Amino acid sequence: MRGWMLVAVAATGCGKDKAADTGAMPEEVCRGAAAGLDGAFEDRTEAWGLAEVRGARMSVADLDGDGYPDLVVRQIEPFGRDDFTAGVRYHYVLMNRDDGAGGRTFVDETADSLLFAPREGDPAEIGRAASVVVFGDVDGDGDLDAFTGQFYDANDAADDPGDRSEIMLNNGDGTFAFGPEIDLERRGGYATAGASFADVDADGALDLWVTGWYIRYGYLTADQDRLFLGDGAGGFTDVTEAAGLEMVRSGDPEDWVAGVSTRPAYGATACDLDGDAFPDLLASNYARAWNQQWMNDGAGAFTDVGLESGFAADDDLDYSDNQFYRCWCEVHGCDPDPGPASLGDCETYADYWTPGFDDQPARLGGNTFSTACADVDNDGDLDLYSAEIAHWHIGGSSDPSELLLNDGTGSFSRPGNEADGLARDWPSNSWNAGDIYAALADLDGDGWKDVLLASSDYPDTRMFLWRQVAPGAFEEVAEAAGIDHPWPAGLAVADFDRDGDLDVVTGSSTARSGTPWTEREVHFYENTLGPLNALSIRLEGTEANRAGIGARVEVEAGGLVQTFEVGGGYGHMGMQHDTVLTVGLGEACTAEDVRVTWPGGAADDFGAVRANYAVTLVQGGEVRYE
């Protein structure tokens, strides 16, 4: 039976209309609807307290439970430790606070939070190195805990300070303590490049999917991706082999070509691709290797179906325009002759091509950094967007960034960037084609997901934003929207001021010559379209995991049914957006129906839900307005 619990609280800032304690649904509150994204974003970095923050990787979570999402920023250096006494910073825990003037701002509470505290030493003086940060309630106490992943770089092992990946348990106020040690090759290190929390066995305890990169860059052997089952108290057990996820940890090219070897992954994603209420696991792989799509049978076993589903790679296997191949042919001869190379020193570049390896399908995929998962076409299943780097000299066989549409079973079609409007013209003979960070998010609140890319740190790149202007049709609007940030690095999307629209945080790369930045500045792009009609939904599992990670939420309003899944982190180096869902409703001020399917399949129909309040949906049917 569905019930309503209304909580009377004082107003605490913009964006939250408060429910009166009337014992019934609160009165309808209507805001507005946007008419596109023109002029939507304003760079308000200084106002949000980020002018001195430096970093290129971002995660979002409400760490102290005050209803506003906080921000965690990291630099790129894998072994970088904060030295607070010397002013050397690699990590920031930025709490979203009332600025005292009716707005919001971030306050640096890194040292006090202890999120990056060292296992030995004074946390007020020194911090722990960590590159990947994702959040989930691993001990079921109602706050968001963290996995902090260490990217161990064997080429720079002499710089290793000894820090390793850790589970950090939230004390409930945004401060953290060490959880049980996680067995992620603590002695030798592990090149953690992605992580996602998900409840793979639907037992109510969050589990952890971790992907690893090369053991040592320059060699084929990659770290084994790993699955850890959570015990509900912060402890995790490695079940990779038992779950069928184990690969051959080999540098043998024959194993690579056969598709049985470990592959260097740059990102992890967990989402339910076939609608069976059990999350499936994705590995976004580098080196033009096949991506992996591990389907969850619900009984503890996973099977990689990436080749059959269309996720592993596109079907372009023509390597005749690969410049290394053309150099090989100039030096050694080929029949047929693919034509002249555009590289200057073919005697050198010919050695970059290995017949019998580089011409095989397992080496003709993409350099995938992030895979975003969301229902883009509002058909009730979760689609994918793969962010790829495709160097010009490799040619057309290297997969481009692309939208993949789900048929509902976890198999994908690729409409193509020309067909759906997501194509771009890249400068010829340039190294800058492609993307690293991607988000699928409804930035204008019209009920349709848009595509946002923090492209890369190659020259001539910038932020790209495609608005979905009709079902399955996109128009690039970043410049008109005011968010064409040059040389972006890192991406976070959340309604930081709770006004019904999604704001964006990105960094600024200094990695290559020609950059317009002298420092890795972090920039806050505030969405000024709001206040907009929107649902702000927080889930609370009772039998399911407390944060509702992996739950599927269907919202019916204004003639649309939108589908969302609460995420536990994804993509390159652990991006994470808010676990509170912001659901744009256009002109609608009330959702006609909201349905939640929890991990494992239990479902609740919450009926009509008012927009423009902060709403908690509790497993079992309770609705709380705040």
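Student: Why does Asn378 count as buried?

Tutor: Buried means under 20% relative accessible area, exposed over 50%, and partly exposed in between (1.4 Å probe, protein chains only). Asn378 has a relative accessibility of 14%, and therefore counts as buried. Asn378 belongs to the loop between β19 and β20 (383-389), where helices (H or I, at least four residues) and strands (E, at least two) are DSSP runs numbered from the N terminus. This is a predicted model, in which local features need pLDDT of at least 70 and side-chain atom pairs count only at pLDDT 80 or more, while totals for chains, interfaces and linings use all residues. Residues are numbered from 1 along each chain as its sequence is written, and side-chain values use heavy atoms, with hydrogens and water left out.

Student: What makes Leu114 buried, partly exposed or exposed?

Tutor: The relative accessible area of Leu114 is 29%, so Leu114 is partly exposed. Leu114 is placed in the loop between α1 (110-113) and β7 (132-136).

Student: How do you know which peptide bonds to call cis, and what are their omega values?

Tutor: The bond from Asp335 to Pro336 has omega near 10° and is cis, and the bond from Gly530 to Pro531 is cis with omega near 5°. Pro336 sits in the loop between α4 (323-332) and α5, whereas Pro531 sits in the loop between β29 (522-527) and β30 (534-540).

Student: What makes Ala350 buried or exposed?

Tutor: Ala350 has a relative accessible area of 1%, and so Ala350 is buried. It lies in the loop between α5 (346-349) and β19. Its contacts (heavy atoms within 4.5 Å) are, leaving aside neighbours within four places in sequence, Phe324, Cys327, Trp328 and Val331. Ala350 and Trp328 are 22 residues apart in sequence, yet their C-alpha atoms are 4.2 Å apart in space.

Student: How many helices and strands does the protein have, and why is it called as compact as a globular protein of its length?

Tutor: The secondary structure comes to seven helices and 40 strands. The radius of gyration is 23 Å, close to the 25 Å that the globule rule gives for 626 residues, so the protein is as compact as a globular protein of that length. That radius is taken over C-alpha atoms, and the rule is 2.2 Å times the number of residues to the power 0.38. The C-alpha trace spans about 85 × 55 × 50 Å along its principal axes. Of the 626 residues, 60% are buried. Among contacts between residues at least 6 apart in sequence, 58% join residues at least 24 apart.

Student: What makes a space a cavity or a pocket?

Tutor: On a 1 Å grid over the protein atoms alone, a cavity is a set of points where a 1.4 Å probe fits but cannot get out, whereas a pocket is an open set with protein on both sides within 12 Å along at least five of seven lines; lining residues have an atom within 4 Å of a point. Points are joined across faces, edges and corners, and a volume is the space filled by probe spheres set on them. The structure holds seven cavities of 30 Å³ or more, and the largest cavity has about 610 Å³ of space. Its lining has 33 residues, of which Cys373, Leu440, Glu565, His577 and Leu581 are the closest to its centre. Among the strands that each supply at least two lining residues of that cavity are β15 (265-271), β19 (367-374) and β23 (437-441).

Student: What is the volume of the largest pocket, and which residues are the closest to its centre?

Tutor: The volume of the largest pocket is about 720 Å³. Of its 33 lining residues, Arg57, Ile76, Tyr266, Phe369 and His572 are the closest to the centre.
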